[in-house]
Amino acid sequence: MTITELSLRLILSFIVLLTFTRLMGRKEISQMTFFNFVSAIALGTLGASLAIDPTLSVRNGLVALAGWSLFTILMGYWDLKSKSFRNLVEGTPRVVVRKGEVLEGELRKLRLDIDALNVLLRKKNVFSIADVDYAIMETDGTLSVMKKEGKQAVTKSDRLNPSFTTSHVIPIPTALIEDGKIIDKNIEALPIDVQWLNQQLNTKGIHTLSDVFYAEMQKDGTLHVDRYDDTVH
């Protein structure tokens, strides 16, 4: 392949990809659902093949791009017309936190662990699961969060409950138990010990760590506990 032919293929590939992408609509870019992800990869591969693969003729490359683009447009049309088809292709939003309780069964279906969930919550300026009224994983992979009423941002004046000295301050809620296991480094970083943690669990009627999916120390010194859902544990 000569430099001239390569340059022409590159220019043609760019123009064709840009044209077909605009025809497919902005959803292909703004909402990366499962189908959009597959479609974008396929288009990129076909466009690259058209640009640099000398064994692929320009005609066949254009036919392949046009055919895939037409297929994507038709899928988008069916997506608009049929909710059941849309649910089949793109999936449905899933509630992962309800009233401060993590729905671990939904997390498992989404292949999402508690650490990843906390990362997504922090990106929404939510540092405690206990502050969440509802959290919904959307079909494009984003997390929508509705906080409980009356929850305010963490301030430097927030202090521990009277069981601790007022000289201690917890800047953000801290995880103490995940998947039934104590996080030792977090315990050591706080003015508490395992004995205190066990006492707090006992007051909530929990006598076995394996019954706890997630527990975190709140900024006021209280303990928020999320038990395992019996249906999935």
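Is Asp 133 buried or exposed? Asp 133 counts as buried, at 13% relative accessibility, because the cut-off for that class is under 20%. The model is predicted. The salt-bridge count comes to three, and a nonpolar surface patch includes Ile 11 and Phe 14.

**Lys 99 and Asp 133**

- The side chains of Lys 99 and Asp 133 form a salt bridge, with an N to O distance of 3.1 Å.
- This pair connects distant parts of the chain, its two residues lying 34 residues apart.
- Lys 99 sits in the loop between S1 and strand S2 (101-102), whereas Asp 133 belongs to strand S3 (residues 132-137).
- Lys 99 has a relative accessibility of 48% and counts as partly exposed, while Asp 133 is buried.

**Arg 94, Glu 106 and Lys 109**

- A salt bridge joins the side chains of Arg 94 and Glu 106, at 2.9 Å from N to O.
- Arg 94 is in strand S1 (residues 94-98) and Glu 106 is in helix H6 (residues 104-109), so the pair links distant parts of the chain, 12 residues apart.
- Glu 106 is buried, with a relative accessible area of 18%, and Arg 94 is partly exposed, with 28%.
- Glu 106 also forms a salt bridge with Lys 109, where the closest N and O atoms are 3.6 Å apart.
- That distance meets the criterion because a salt bridge requires the nitrogen to be within 4 Å of the carboxyl oxygen.
- Lys 109 and Glu 106 are separated by about one helical turn, because they are three residues apart in helix H6.
- Lys 109 counts as exposed, at 52% relative accessibility, since the cut-off for exposed is over 50%.
- Through shared partners, the salt bridges join Arg 94, Glu 106 and Lys 109 into one network.

**Nonpolar surface patch**

- Which residues form the nonpolar patch on the surface? They are Ile 11, Phe 14, Ile 15 and Leu 18.
- Together these four side chains' residues have about 410 Å² of accessible area.
- Ile 11, one of the patch residues, is located in helix H1 (residues 3-24).

Key. Residues numbered from 1 in each chain as written. Predicted model: local features only at pLDDT ≥ 70, side-chain atom pairs only at ≥ 80, totals over all residues. Heavy atoms only, no water. Helix = DSSP H or I, 4+ residues; strand = E, 2+ residues; numbered from the N terminus. Buried < 20%, exposed > 50% of the residue type's maximum accessible area, 1.4 Å probe, protein only. Patch = residues over 30% accessible without salt bridge, like charges linked within 9 Å, V, L, I, M, F, W, Y side chains within 5 Å. Areas by Shrake-Rupley, 256 points an atom, 1.4 Å probe, with all protein chains shown as cover.
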